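Thanks for making the time this morning. I would like to walk through one structure with you, taking a helix pair, then a metal site, and then a few points in the backbone.

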Amino acid sequence: MTQSLTITRPDDWHLHLRDGDMLRAVLPETARHFGRAIIMPNLVPPVVTGEQAGAYRDRILSALPEDMMFEPLMTLYLTEDTDPEDVAAAHASGLVKAVKLYPAGATTNSASGVRDFDKVRPVLEKMAEIGLPLCVHGEVTDPEIDIFDREEVFIDRVLDPLRQATPGLRVVMEHITTAQGAVYAQSGGSDLAATITTHHLIINRNHILVGGIKPHYYCLPVAKRENHRQALRIAATSGLPCYFLGTDSAPHTDANKLQACGCAGCFTATNTMALLAHVFEEDGALDKLEGFASKNGPAFYRVPENPGQITLVKQDAPVAFPEQIKTPDGPVTVFDPGFAVHWTVA
Ligand code: NCD
Ligand code: ZN
């Protein structure tokens with residue numbers, strides 16, 4: 001029996017495309033299904049100024065195969081030296097759709113992130129004034145705090161005080177991984193939202209650690225206990241407008257993943273929509289997939305929904321997704337959910 005579901009073309013509200021050869025290799029994986037994506041600025045060196053974001057946007061568009069349509073939504077990497085006027089100009093021109101806050105040292109390429117939040121106060125106030133969202137990597141970096149508690153502690157110690165101190169600031173809690181994150185995301189009306197990744201709906205920390213370490217399941221924030229995964233499933237399938245898809249698809253070559261100190265990141269661009277159809281069907285919520293992937297994000301970011309549609313088809317035989325994407329730097333392994341998937345994008 002064939003079953004199909006047609007939805008508004010989705011967007012990815014948190015994506016790593018990298019640069020150069022890697023960009024050319026991974027971009028089609030996203031552009032095939034998604035109309036737009038919020039492009040993370042954690043290049044080396046990071047994308048800090050409007051001028052740098054414009055140049056990166058041009059590189060993305062020139063890497064796009066001619067037969068594909070895709071709009072990169074650019075972000076600026078917030079540093080303690082970011083100029084509020086540069087941010088405002090990049091927003092006014094339509095180039096930049098968000099500013100990204102990385103606590104210094106929290107994740108891949110975050111060394112230029114924020115240590116002293118007082119130093120970025122003028123930028124945050126300008127952003128509140130002009131309605132430009134702040135995308136937050138919500139983990140404390142305090143070595144005293146257990147890695148599995150870093151999101152929960154961030155909300156209490158950093159995020160809530162920061163929001164109280166900056167009325168009107170619009171915030172996206174990126175890639176939430178905890179029940180506490182899901183609850184907090186509901187507390188800010190139309191000025192607060194959370195993205196949820198595909199992989200955090202599928203794996204918990206056992207998948208990373210039981211029966212041998214699985215580097216391809218290691219990402220940041222790290223997957224938590226099963227009760228948190230279940231809370232994320234409830235959030236994503238709730239239909240509530242504060243939750244939408246941000247895959248955090250983060251390509252690293254196998255050589256960089258499979259080593260004594262391996263990189264964090266799951267590469268899910270290739271099979272995300274099929275996996276989401278599986279997950280939403282399993283939870284009896286296929287009717288909520290379009291809101292999560294295609295409608296809630298545009299509503300928060302105050303942009304129109306994509307004009308086109310995609311059709312997801314369920315087939316009897318399991319779908320064979322590529323195990324790897326080849327790049328000149330070496331292969332990138334595609335996220336393996338660990339179960340048979342019968343959905344595919346037509
Ligand atoms: C991301 C990356 O590789 O750039 N890695 C990850 O595990 N998610 C960085 C990030 O989003 O934290
Ligand atoms: Zn990310």
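**Helix packing, a zinc site and the backbone**

The axes of helix α3 (residues 84-92) and helix α4 (residues 121-130) come within 9 Å and cross at roughly 30°, where axes are lines fitted to C-alpha atoms, for helices over the stretch in contact, and angles run from 0 to 180 degrees between N-to-C directions. Please keep in mind that this is a predicted model, in which local features need pLDDT of at least 70 and side-chain atom pairs count only at pLDDT 80 or more, while totals for chains, interfaces and linings use all residues. Residues are numbered from 1 along each chain as its sequence is written, chains are lettered from A and ligands numbered from 1 in the order in which they are written, and side-chain values use heavy atoms, with hydrogens and water left out. Helices (H or I, at least four residues) and strands (E, at least two) are DSSP runs, numbered from the N terminus.

Because angles under 35 degrees count as roughly parallel, α3 and α4 are roughly parallel to each other. The contact (heavy atoms within 4.5 Å) is made by P84, E85, V87, A88 and H91 of α3 together with P122, V123, K126, M127 and I130 of α4.

Turning to the metal, which residues coordinate the zinc ion (ligand 2)? They are H14 and H16, each through NE2, and D248 through OD, at 2.0 Å, with donors taken as N, O and S atoms within 2.8 Å of the metal (3.2 Å for Na, K and Ca); water is not among the atoms, so sites may look incomplete. The angles among the four donor atoms run from 91 to 141°, and the site is irregular; four donors count as tetrahedral if all angles lie between 85 and 135 degrees, four count as square planar and six as octahedral if opposite donors are over 155 degrees apart and all others between 65 and 115, and anything else is irregular.

H16, in the loop between β2 (11-15) and α1 (20-31), and D248, in the loop between β9 (243-245) and α9 (254-257), are 232 residues apart, and the pair links distant parts of the chain.

D248 also has a positive phi, near 55°, and counts as buried because its relative accessibility is 6%, buried being under 20% relative accessible area, exposed over 50% and partly exposed in between (1.4 Å probe, protein chains only). R302, likewise not a glycine, has a positive phi of about 60°, but R302 is exposed at 57%.

Finally, a cis peptide bond joins V44 and P45, and another runs from L220 to P221.

Terms used
Angles under 35 degrees count as roughly parallel, over 145 as roughly antiparallel, 65 to 115 as roughly perpendicular and the rest as oblique.
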